[in-house]
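User: I would like to learn how to read helix packing in a model. Can we take it one feature at a time?

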Amino acid sequence: MIAARLCGSVPQKQLIATLRQGRPVRVAVFGDSYGDGVWWALQQQLPRASFDVVKYSQPATGFTHYKRLNIEAHTAEQIGSEAIDIAVVSFGANDALGIVTDDGKYGPMLGERWKTQIAARLDRFVGLLRRHHAMVYWVGLPRMREAQTDADIGAVNAFYASEMARLDVPVIDTRPLVSDKKGQYADYLPAPGSGKPTLLRAGDGIHMSMAGYLWITKGLATRISDYVDATRAIDTAPASAPEVAQ
């Protein structure tokens, strides 16, 4: 039986329309440099005959960098009036710092003013994607090599994950995927099957290697494919059929 938890009627209708028209499913990837890696990895794993994986990510951006680049305004301009079937988002590596709020006040990292402002920006950003009829996924960040960086980015990552839960956005928790048996940072992990040590992290101890991006998105690629297949099945099934899982 298809799982009962639904992504929401509007995104499902958008995807059904895409499938009925025989168009590739449009997967739009947003984020910073992590988003770049996620885009590349999904493009490698989702069949190009069936999926159009579009890169909207831009390095050195985030929800705390609005004086440099307002992500909401930039994203609205990027996508214009285009419909999006699935949106994949990965931000946070640049957001472990204080902000200037929309009304010009300073908010230290993870203080109440910071949380209130960032929550509002996340609300608006997810709302923007949903107005384009997208099913939204959030890809979280793994552990970092340096202890202070890991603590800071990890705290921001946890806040973003909690906000996505509030907004009913599925979160891909990458920490257990690329941590060692003790749950700590690891440059190498044994490949499934062969056990061969595989380099998963970049030299900076923050980003992933290309193999690492494939590693953390493999489950998401399968999830997206399953979601599309289930939606296609429901579209040809009786009206009483159960709804598709996210």
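This is a predicted model: local features need pLDDT of at least 70, side-chain atom pairs count only at pLDDT 80 or more; totals for chains, interfaces and linings use all residues.

User: At what angle do the axes of α2 and α6 cross?

Analyst: Angles from 65 to 115 degrees count as roughly perpendicular. Helix α2 (residues 33-45) and helix α6 (residues 210-235) have axes that come within 8 Å and cross at roughly 65°, which means α2 is roughly perpendicular to α6. The crossing of α2 past α6 is right-handed.

User: Which residues of α2 and α6 meet?

Analyst: From α2 they are S33, Y34, G37, V38, W40, A41, L42, Q44 and Q45, and from α6 they are M210, Y213, L214, T217, K218, L220 and A221. Sorted by class, this contact of α2 with α6 holds ten nonpolar, five polar and one charged residues.

User: How do α3 and α4 pack?

Analyst: Angles under 35 degrees count as roughly parallel. Helix α3 (residues 71-79) packs with α4 at about 10°, and their axes are 10 Å apart, so α3 is roughly parallel to α4. I71, E72, T75 and A76 of α3 contact R121, R124, F125, L128 and L129 of α4. The classes in this α3 contact with α4 are five nonpolar, one polar and three charged residues.

User: What span does α4 reach from its first C-alpha to its last?

Analyst: Helix α4 (residues 112-131) has 20 residues and reaches 28 Å, close to the 28 Å expected at 1.5 Å a residue. Buried residues in α4 include W114, I118, L122 and V126; R121, F125, L128 and L129 are also buried. Just after α4, H133 has a positive phi of about 70°.

Key. Residues are numbered from 1 along each chain as its sequence is written. Side-chain values use heavy atoms; hydrogens and water are left out. Axes are lines fitted to C-alpha atoms, for helices over the stretch in contact, and angles run from 0 to 180 degrees between N-to-C directions. Helices (H or I, at least four residues) and strands (E, at least two) are DSSP runs, numbered from the N terminus. Angles under 35 degrees count as roughly parallel, over 145 as roughly antiparallel, 65 to 115 as roughly perpendicular and the rest as oblique. A crossing is left-handed if the near helix is turned anticlockwise from the far one by less than a right angle, and right-handed if clockwise. Contact means heavy atoms within 4.5 Å. Ala, Val, Leu, Ile, Met, Phe, Trp, Tyr, Cys and Pro count as nonpolar, Asp, Glu, Lys and Arg as charged, and the others, Gly among them, as polar. The expected span of a helix is 1.5 Å times one less than its number of residues. Buried means under 20% relative accessible area, exposed over 50%, partly exposed in between (1.4 Å probe, protein chains only).
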